[in-house]
Amino acid sequence: MTLFGLLLIKHFIVDLGLQQYIGYSDKHRYFSGKAHFHYAQHGFATILVCLLVWLPPEIAFLIGFIDYIVHWHIDYTKHHLNSAIGAVGHSRKWWWTNVLDQCLHTATYWIIVMTVLQWPVGFHLIPKMYA
């Protein structure tokens with residue numbers, strides 16, 4: 001579960017810490033440069049986390065790319081959902097779409113970890129008592 005914990009910490013650092021420096025990012029636009037910079041930060045940081053737990057580089061890059069793509073589509077969809085339901089900044093609806101957003105990101109990391117644990121490259125992540 002080290003990988004899952006590190007991915008969550010990475011997520012909080014990038015989503016809550018680094019994102020503030022990007023400013024308004026037009027996430028409702030599919031190809032917003034600032035938004036993609038944010039998604040790329042997630043992908044790159046995920047690669048670093050995967051390398052930190054000794055996953056092979058090609059697997060780390062694949063997982064980072066998947067995180068980039070999934071993060072992009074979760075954020076893009078959230079912004080369109082906010083518009084569709086009239087969720088304005090810091091309203092109850094807005095907070096609940098943020099809850100949904102964070103749940104989907106957490107589920108993404110859970111699915112990544114459960115998938116990696118099924119691959120031979122991830123066997124070293126399973127504690128010996130469970131192997």
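Student: Which residues does histidine 71 touch, if residues up to four places away in sequence are not counted?
Tutor: This is a predicted model, in which local features need pLDDT of at least 70, side-chain atom pairs count only at pLDDT 80 or more, and totals for chains, interfaces and linings use all residues. Residues are numbered from 1 along each chain as its sequence is written, and side-chain values use heavy atoms, with hydrogens and water left out. Taking a contact as heavy atoms within 4.5 Å, and not counting residues up to four places away in sequence, histidine 71 touches His11, Asp15, His38, Tyr39, His42, His105 and Tyr109.

Student: With which side chain does the side chain of histidine 71 make a polar contact?
Tutor: A polar contact is a pair of N or O atoms within 3.5 Å, where within protein one atom must be able to donate a hydrogen and the other to accept it, and residues adjacent in sequence count only if both atoms are side-chain atoms. For the side chain of histidine 71, such a pair is found at 3.3 Å, and the partner is the side chain of aspartate 15.

Student: Is histidine 71 buried or exposed?
Tutor: Histidine 71 is found in helix α3. With a 1.4 Å probe and protein chains only, a residue under 20% relative accessible area is buried, one over 50% is exposed, and one in between is partly exposed. Because its relative accessibility is 0%, histidine 71 counts as buried.

Student: Why does methionine 1 count as partly exposed?
Tutor: Methionine 1 lies in the segment before α1. Leaving aside neighbours within four places in sequence, methionine 1 is in contact with Trp110, Val113, Met114 and Leu125. Methionine 1 counts as partly exposed because its relative accessibility is 48%.

Student: What distance separates the C-alpha atoms of methionine 1 and tryptophan 110?
Tutor: Tryptophan 110 is one of the residues in contact with methionine 1. Although these two residues are 109 residues apart along the chain, their C-alpha atoms are separated by 9.5 Å.

Terms used: Helices (H or I, at least four residues) and strands (E, at least two) are DSSP runs, numbered from the N terminus.
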